[in-house]
Amino acid sequence: MPTDVTTVEVDPVAAADKAEPTFAEKFWKVFRGHPAALAGLIGITVFVLLAIFAPLIAPQDPYDQTQLDILDGLLPPGSQLWDGTPSLLGTDALGRDILSAVLYGLRISLFVALVAVIVGSAIGVFMGLLAAMKGGWVETVIMRTVDLKMSFPGILLALMVLAIFGTGIDKVIIALIIGAWASEARLVRAVALSELKKEYVDAARLAGLSDWRIMGRFLFPNSISPVLVVLPMSISGAIGAEATLSFLGVGVPITEPSLGLLIANGNDYILSGKWWISIFPGLVLVAMVLCINVVADRLRDHANPYLRGKD
Amino acid sequence: MLNFITRRLGQSAVLVLVMSALVFVGMYVISDPVAVLAGEDFTEADRQALAAELGVDRPLIVQYFNFLGNVIRGDFGSSFVYNRPVMDLILEKLPATLEVAFLAMFIGLVVGIPLGVYSGLNQKKPATKTISFATTVGYSIPNFWQGVLLIMLFAVWLQILPASGRGDTVEVFGVGWSMFSLNGLSHMILPALNLAIYTICLQARLARSGTQEVMYQDFMTFARAKGISRERIVRRHLVRNILIPIVTITGLQLGGLIAFATVTETVFSWPGIGKLLLDSIHNSDRPVVVAYLILITLMFVTINFIVDVTYALLDPRIRYT
């Protein structure tokens with residue numbers, strides 16, 4: 001008896017699942033067989049959780065002056081504070097617990113980097129799409145500005161911005177945004193230009209949609225993936241840049257020290273052998289950047305069609 | 001070719017003008033010099049007198065052209081802090097930065113290229129894995145933190161190298177150089193090493209990918225078939241072919257090194273122009289900051305120009321686009 005295809009029971013959910021892999025499946029495909037990248041991902045999760053819950057985990061609020069005792073100053077790791085709190089990583093000259101300071105510093109470092117990269121990338125994506133869509137003088141102006149920006153090292157531009165506007169968290173974020181947008185704009189423009197040649201854009205034009213509408217509805221979602229791939233790299237770069245600027249004393253203010261500023265504070269005590277003040281914030285900084293970079297490398301390799309099959 | 005050079009020169013000039021305008025607007029318009037210099041007890045009349053003295057009461061465009069005219073004559077005014085012409089100050093500090101940057105570049109090339117060629121030729125060996133891991137770590141560790149670690153290791157624990165300052169200098173052509181005295185040289189090692197680490201990683205990666213590309217080309221197979229020794233193939237055929245991208249990047253890197261010297265010089269208290277810039281930012285010593293930014297722009301534009309022209313000389317396709 002021939003089976004009538006119309007009577008065969010098909011579970012629509014299962015069929016849909018098969019057609020489009022779920023997020024978990026895609027995720028697993030990227031990280032399976034890459035223990036370093038997986039470890040990096042776990043590391044990032046831990047750092048983010050530590051940063052979010054810093055006030056709950058930290059043994060001390062390092063910026064509450066009433067909790068600090070000058071008698072606790074410069075204790076080596078593993079000592080006990082005056083009030084009996086154990087100080088796992090030692091204290092700085094003001095009697096501030098290094099572990100607590102690092103946890104709070106992590107928050108500020110991550111916050112600054114994330115805000116700067118998200119805003120910077122958004123501006124970059126918009127500029128890139130605009131340049132591709134409009135062409136003509138708009139494109140020339142945008143791309144020349146990108147060239148101008150790219151011909152200078154990021155650190156110099158950041159120092160220039162901070163020299164003009166002064167220091168502070170908001171100013172650092174501005175400096176990092178100025179450093180972040182250009183490469184994204186160049187990337188998106190290249191992708192968008194090739195997307196613009198496709199038929200769906202012609203179809204949208206014929207349907208009478210405006211340039212802005214085409215840009216937002218079609219070009220944007222189809223050109224965004226390369227930016228998402230480089231996003232982790234941009235974040236780790238921004239974390240490093242913020243740390244550098246704060247270390248140089250032109251970044252975050254002393255009242256809200258990031259990891260970079262903590263290292264700078266400890267730098268004054270290195271020659272007298274008080275290594276823990278700047279070593280621990282530095283280790284956390286490097287571990288975080290390294291975790292992000294191995295994940296970023298993995299994402300980039302996965303997105304590279306030449307390498308795909310080989311992993 | 002002449003056409004290419006003129007066009008490229010025009011672009012460079014526009015770039016310098018744009019940057020000088022940005023610096024001018026930033027330093028003299030956004031942050032008001034009168035507000036910075038005026039005392040608490042200044043009356044409105046005092047402020048106007050100060051503005052007239054500084055010339056900031058005139059129309060912006062006039063101010064800008066005055067500024068530009070002074071810049072072209074090499075007159076950046078006097079430092080508020082040192083009370084000396086800014087140009088003298090920068091020229092005095094420049095040799096310190098240059099000698100460290102060149103030593104760092106030298107270390108970077110001499111260490112980086114052989115590491116890269118080795119890992120390109122021996123992709124499966126454990127040493128290659130180590131090199132590749134080390135370059136990833138080298139990229140991930142912020143420059144200033146590497147400096148802190150170097151100080152801790154060599155100056156505090158091992159106590160074999162000094163951590164800060166320039167040491168003894170020897171006068172050559174009326175300028176003090178650290179590299180001609182043993183003591184000065186020992187002061188140079190750590191800052192130069194700090195500055196070199198990034199270059200080592202970069203050159204190693206470049207040399208490795210270059211080697212992997214060149215290795216399987218026909219002329220390499222042919223050289224092997226001719227029975228030339230392995231060492232000679234590497235020196236005569238491989239290294240010469242990977243050198244083109246390396247030379248380009250090296251040129252561009254030199255500017256980057258001088259920019260990054262701001263960080264290294266601060267870590268090691270090395271009295272070069274980078275430390276001068278940061279000190280001036282901290283002290284709101286505006287003329288020095290302006291002069292540094294303008295001069296560094298000029299330097300970058302010049303380097304980019306030279307690299308582009310060299311490239312066009314080597315590769316005719318670029319000239320005609």
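Guide: Happy to! Helix α3(A) gives the most to the nonpolar patch, with 3 residues; helices here are DSSP runs (H or I, at least four residues), numbered from the N terminus. One residue found in helix α3 of chain A is A:Leu49. Both α3 (35-52) and α4 (54-57) of chain A supply at least two residues each to the patch. Its members are A:Val48, A:Leu49, A:Ile52, A:Phe53, A:Leu56 and A:Ile57, which together make a surface of about 560 Å². Such a patch joins nonpolar side chains (Val, Leu, Ile, Met, Phe, Trp, Tyr) within 5 Å, from residues with over 30% relative accessible area and no salt bridge. Accessible areas come from the Shrake-Rupley method with a 1.4 Å probe, and for residues only the protein chains shown count as cover. A salt bridge is a side-chain nitrogen of Lys or Arg within 4 Å of a carboxyl oxygen of Asp or Glu.

A word on the background. This is a predicted model, where local features need pLDDT of at least 70 and side-chain atom pairs count only at pLDDT 80 or more, while totals for chains, interfaces and linings use all residues. Residues are numbered from 1 along each chain as written, chains are lettered from A and ligands numbered from 1 in written order, and side-chain values use heavy atoms, without hydrogens and water.

Now to the interface. Here 41 residues of chain B are in contact (heavy atoms within 4.5 Å) with 34 residues of chain A. The buried area, meaning accessible area lost by both parts on being put together, is about 3,200 Å², and carbon and sulfur atoms give 86% of it. On the chain B side, B:Ser140, B:Phe144 and B:Trp145 lose the most area to chain A, together 19% of what that side buries. Across this interface the rule finds 0 salt bridges.

Conventions
Buried area = accessible area lost by both parts, 1.4 Å probe. Patch = residues over 30% accessible without salt bridge, like charges linked within 9 Å, V, L, I, M, F, W, Y side chains within 5 Å.
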